[in-house]
Amino acid sequence: WVGMELIFTAIIYGWILPRFQALEVPVEPAAKIPTIQQFKNVVRHVSCMPSNIYSIEGFLRGHFLQAPLSEIYLDNYRSFITYVIYSKRLDCATAEEIETVDELVSWVLILLDNEMNFSGKAEGGGGGGGKRANGGEARRSKRIVNSKAKAKSGKNGDTSTAPSRRSYTTADKVNVLADHPWVKPGFNPEVSHINMGVDPVYYVHRSVFLYVLKFFLWDVPTPIRLLMMGFRCRNIHGVGFWYRRGSHPTARGRNATVLCHGIAVGWVMYMDLISELPTDKDVFLINFPPIMLMSLETPTLTAWGFSTSIEHILDDYGCTGVTMIGHSFGSAIVSWCMNKFEYKIDRIVFLDPVALIVALPDVAGALIYAPAKTLLQCGLRYGMSTELTISIMINRFYSWHMSSLWLENVPERIKVF
């Protein structure tokens, strides 16, 4: 047994981990909504939320792991935007990409400044950086928003009581990065940000005994139960799935229910749900091993390639009306499918979806970056995010812009539950 443990450890640390520590950005076709537009949509949505729910300050500090704004330097913002838009490190960005990054950083800082002025915050950076000097505040207001300065001093009979959130002009963007009143130049190495897909693969070793135990507890009994429920295992177009044929095809083709699992040990967690699925429709249980705990399988298809394979599978079985069900990370797979073949989809059912909030820092922060203080957090950290298969998936193959689903862009004919 000791020999097996040593061989297993050597394979992981000597072959598997070194392969995936090298950063390679997955090549994906352009998302249905361009990444920059998606990011701007997220920020605009956040800016419209009530301040007690979310704000641009809370959004940024969440992504920077609750660092005070006064400690987030200019190149930290650049690094964050480079990750968001291009899924790469700042030092790997081209000159053209840096130019786009600087435009977005300027835009975000302008909105942040307007939000802080609108709410009347006087603290430098909003994060405990100390009060800004009155002279610096006046100079900033005069330089960027003259009308605001006039409103504060009461000149020219201006009686406005609060500055507008959109009070900056396009010309002001030129000076935002070069002469910002409280964002310091340079890079603060003490501040890091959420960097899923770019950070190194972090793994906590598990004994080979746990893999053997999982095999006998779940990997053996689950297929037997699915076979008894009428399912048959298939692997077509590079995607494995369980299939049960429905009893009543419609005039325009076969209807189907497609279930996409979340991060789990397998289908054993979904047995009650599967038993309730209608028998008159074809049922597809789509396997995605890279988010199955301890499967030791890495993605062989990109998000676009995986959804294309699902589309081909549905075509092969003659399915035209599809109900997509996505649980947790499975909702991201539903988003991939919406990008590829929304014309087939009639209904979407979400169960604890991450696709609707994946652009916010809450999901990644709770799963990967937040300190594990409670029993639940310890379970998420050491039972899920530091497991080899899951860590490789989220740190090397994750793409937030492909996984986001915007409900306002779902066609009206598609019902969402």
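This is a predicted model: local features need pLDDT of at least 70, side-chain atom pairs count only at pLDDT 80 or more; totals for chains, interfaces and linings use all residues.
Residues are numbered from 1 along each chain as its sequence is written, and side-chain values use heavy atoms, with hydrogens and water left out.

Phe288 sits in the loop between S4 and helix H12 (303-316); helices (H or I, at least four residues) and strands (E, at least two) are DSSP runs, numbered from the N terminus. Leaving aside neighbours within four places in sequence, Phe288 is in contact with His261, Phe306, Phe329, Ile333, Trp336 and Met393, contact meaning heavy atoms within 4.5 Å. Phe306 lies 18 residues from Phe288 along the chain, and their C-alpha atoms are separated by 9.2 Å.

Now to the sheet. It is an open one of 7 strands, in the order S1-S2-S4-S3-S5-S6-S7, and its pairing is mixed; two strands pair if DSSP finds at least two bridges between them. The edge strands, each pairing on one side only, are S1 and strand S7 (415-416). Strand S1 (residues 232-236) runs antiparallel to strand S2 (residues 239-244), to which 5 bridges join it, and the two form a hairpin with 2 residues between them, where His237 in the turn has a positive phi of about 55°. On to the neighbouring pair: S2 is joined to strand S4 (residues 282-286) by 4 bridges, again antiparallel, and Phe241 has Ile286 as its bridge partner in S4.

What about charged pairs? The structure holds 9 salt bridges, a salt bridge being a side-chain nitrogen of Lys or Arg within 4 Å of a carboxyl oxygen of Asp or Glu. One of them pairs Asp102 with Arg78, with the closest N and O atoms 2.5 Å apart; since Asp102 lies in helix H5 (residues 95-118) and Arg78 in helix H4 (residues 74-86), the pair ties together parts that are 24 residues apart in sequence.

Within the sheet, Asp282 forms a salt bridge with Arg254, at 2.9 Å between the closest N and O atoms, and because Asp282 lies in strand S4 and Arg254 in strand S3, this pair ties together parts that are 28 residues apart in sequence. Asp282 is buried, with a relative accessible area of 0%, and Arg254 is buried with 10%.

Note on methods
Buried means under 20% relative accessible area, exposed over 50%, partly exposed in between (1.4 Å probe, protein chains only).
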